[in-house]
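Colleague: I am new to this structure and would like to learn how to read its features one by one. Could you show it to me and then take me through it slowly?

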Amino acid sequence: MVTRGRLRAAVVLALAGLALSAISCAAPGVAAAARTGPLGPAVCPAPRAFGSLPLFAHVKKADDVMVDSNGNVWVSSVGGRAVTELSPAGTVVHVFADPQNPEGMVQLSPSTMALANQRSDQVVVFDMTTGQSTLWVQLTPNGLGVDGLGMEPGMLLLPDAAQGNLDTVPLPPFSGGPVTVATGLGRPVDATPVGDGTLLVSVENAPGLDRVDPATGTVTAAAHFASTDDVVFSNGIAYVADNGGGTMSAVTLASGTVNTLVTGVKAAQGLAMRADGTFLVVDEKSGDIRVATGC
């Protein structure tokens with residue numbers, strides 16, 4: 001999304017022991033509809049125009065999107081400087097003002113999430129009930145700050161967009177600071193684990209989607225897009241929001257095959273998978289969040 005220490009002792013005590021719940025709550029289960037089954041690769045649907053997809057909700061200047069463990073949907077707005085909570089049906093539950101240009105979100109516990117604040121180049125622990133934030137990680141500002149966030153077991157995946165690096169940070173109880181696992185990425189803006197120890201990183205520059213081995217720092221191109229924003233991985237397929245191309249696409253990692261699923265997204269930003277296997281696709285320009293089908 002082109003626009004984006006230490007905790008006090010009290011916060012450490014308040015959040016201690018949440019690592020296991022973070023892992024279980026960060027991503028709801030995926031329905032069998034999105035699986036690659038034993039009979040062969042999943043069949044991808046024909047491309048559809050964004051405007052023809054079912055409308056889930058409209059949030060002015062919507063950017064990133066996250067589905068929490070209860071099925072509620074959280075939408076950040078850099079331009080609107082707010083974080084909006086929506087019900088599973090898409091109605092507004094609460095709007096929290098955030099002057100620090102909120103961006104990426106990942107759930108840490110039933111009541112907290114990690115929130116990227118682009119303006120201050122920070123990651124904060126955000127209380128999903130009160131809207132209060134507590135500083136977690138302060139990055140070094142250098143142009144546009146932190147954008148999207150990811151998670152793997154025990155670790156926050158932190159694309160340091162301003163420095164072109166990918167960092168990892170231990171989840172609660174916060175046993176250490178950021179560790180850089182890859183450099184020279186350009187502007188990395190989201191990351192997700194593949195399951196074999198490697199990570200997918202979306203970047204706002206060529207090649208668009210990188211694959212990183214955090215053990216060695218090796219970076220290879222996973223697919224070629226103009227400028228990607230969010231990436232979601234499920235059952236061998238990487239789903240990518242390509243802001244530069246205005247599409248949502250599916251990349252089968254085993255073959256490298258790219259299938260375009262959605263076209264005509266004027267500003268393709270947030271992308272999130274729901275428990276039923278469908279996807280929420282965000283167009284920042286219109287503020288529309290629409291429902292797409294995966295492979």
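Modeller: Let us begin with two terms: helices (H or I, at least four residues) and strands (E, at least two) are DSSP runs, numbered from the N terminus, and two strands pair if DSSP finds at least two bridges between them. This is a predicted model, in which local features need pLDDT of at least 70 and side-chain atom pairs count only at pLDDT 80 or more, while totals for chains, interfaces and linings use all residues. Residues are numbered from 1 along each chain as its sequence is written, and side-chain values use heavy atoms, with hydrogens and water left out.

Colleague: In what order do the five strands of the open sheet lie?

Modeller: Strands of a sheet pair through backbone hydrogen bonds, either parallel or antiparallel. Here the five strands of the open sheet follow the order S1-S22-S21-S20-S19, and the pairing is mixed. The edge strands, each pairing on one side only, are S1 and strand S19 (228–234). Within this sheet, strand S21 (residues 247–252) and strand S22 (residues 257–263) run antiparallel and are joined by five bridges, and the bridge partner of Thr252 in S22 is Thr257.

Colleague: Which strands pair with S5, and in what sense do they run?

Modeller: Strand S4 (residues 73–77) pairs with S5 in the antiparallel sense over five bridges, and Ser76 has Val83 as its bridge partner in S5. The two form a hairpin with four residues between them, and Arg81 in that turn has a positive phi of about 50°. Strand S6 (residues 92–97) also runs antiparallel to S5, again with five bridges, and there Ala82 stands opposite Ala97. S5 and S6 form a hairpin as well, with five residues between them, and Gly90 in the turn has a positive phi of about 95°.

Colleague: Is strand S5 mostly covered or mostly open?

Modeller: The term to know is buried, which stands for under 20% relative accessible area, with exposed being over 50% and partly exposed in between (1.4 Å probe, protein chains only). Strand S5 (residues 82–86) is mostly covered, since five of its five residues are buried. Ala82, Thr84 and Leu86 point one way from the strand, whereas Val83 and Glu85 point the other way, and all are buried.

Colleague: How many disulfides does the structure hold, and where are the cysteines in the chain?

Modeller: A disulfide is a pair of cysteine sulfur atoms within 2.5 Å. The structure holds one, which joins Cys44 to Cys295 with an S to S distance of 2.0 Å. This pair links distant parts of the chain, with Cys44 in the loop between helix H2 (19–25) and strand S1 (48–49) and Cys295 in the segment after strand S25 (288–292), 251 residues apart. The link of Cys44 and Cys295 is right-handed, with 105° about the S-S bond, and Cys295 counts as buried at 3% relative accessibility.

Colleague: How many salt bridges are there, and which residues do they join into one network?

Modeller: Side chains of opposite charge can pair when their charged atoms come close. For a salt bridge, a side-chain nitrogen of Lys or Arg must lie within 4 Å of a carboxyl oxygen of Asp or Glu, and the structure holds four of them. One of them joins Asp147 to Arg187, with the closest N and O atoms 3.8 Å apart. Asp147 lies in the loop between strand S10 (133–138) and strand S11 (150–152) and Arg187 in the loop between strand S14 (179–182) and strand S15 (188–193), so the pair ties together parts that are 40 residues apart in sequence. Asp147 is buried at a relative accessible area of 0%, and Arg187 counts as buried at 12%. Arg187 also forms a salt bridge with Glu204, where the closest N and O atoms are 2.8 Å apart. Glu204 lies in the loop between strand S16 (199–203) and strand S17 (208–213), 17 residues from Arg187. A further salt bridge joins Arg211 to Asp196, with the closest N and O atoms 2.8 Å apart. Arg211 lies in strand S17 and Asp196 in the loop between S15 and S16, so this pair ties together parts that are 15 residues apart in sequence. As for the network, salt bridges that share partners join Asp147, Arg187 and Glu204.
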